[in-house]
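Here are my notes on this one, as promised. Have the viewer open while you go through the points.

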Amino acid sequence: MHSSPSDSSDDSRDLLVEIIETLETCGLEDDSYQLHDYVDPDALEQVIASADENITVQFTVDEIPLEVSPDGVDVIVEDESQSVGE
């Protein structure tokens, strides 16, 4: 079954909202950046929606590393035990 164009638009909007909410949770106000300067939201949605297998896309918005997958949006947290130069 194929989704209608309006369904696709709603999915894209949901992904954008989830990215923005995740960034706000990290303390980044939505008026302090332009998301399209960091990633093409439409292309990101197409990649996530069309993946046949588990896929993740990673990008950074104003020094906040994100990972987007079909399961949602997560902040990438580096393991401090792997840091170099103790």
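**Notes on the core and the fold**

1. Let's start inside. The largest nonpolar core has 15 residues, and those with the most contacts within it are Ile19, Leu23, Leu44, Phe59, Val61, Leu66 and Val68. Helix 1 (5–25), helix 2 (41–50), strand 1 (57–61) and strand 2 (64–69) each put at least two residues into this core. Keep in mind that this is a predicted model.

2. Now the overall layout. There are 2 helices and 3 strands in the protein, and along the sequence they follow the pattern α-α-β-β-β. Among contacts between residues at least 6 apart in sequence, 40% join residues at least 24 apart.

3. On burial and surface: 24% of the 86 residues count as buried. The protein exposes about 6,400 Å², with carbon and sulfur atoms supplying 43% of that.

4. One item from the record: an unreviewed UniProt entry carries the annotation "domain: Halobacterial output" over residues 34–72. Across that stretch the chain is 26% helix and 31% strand, and the end C-alpha atoms lie 20 Å apart.

Note on methods. Residues are numbered from 1 along each chain as its sequence is written. This is a predicted model: local features need pLDDT of at least 70, side-chain atom pairs count only at pLDDT 80 or more; totals for chains, interfaces and linings use all residues. Side-chain values use heavy atoms; hydrogens and water are left out. UniProt positions are given in the numbering used here, feature names are shortened, and annotations may be inferred rather than shown by experiment. Helices (H or I, at least four residues) and strands (E, at least two) are DSSP runs, numbered from the N terminus. A nonpolar core is a set of buried Ala, Val, Leu, Ile, Met, Phe, Trp, Tyr and Cys residues joined through side-chain atoms within 4.5 Å. Buried means under 20% relative accessible area, exposed over 50%, partly exposed in between (1.4 Å probe, protein chains only). Contact means heavy atoms within 4.5 Å. Accessible areas come from the Shrake-Rupley method with a 1.4 Å probe; for residues, only the protein chains shown count as cover.
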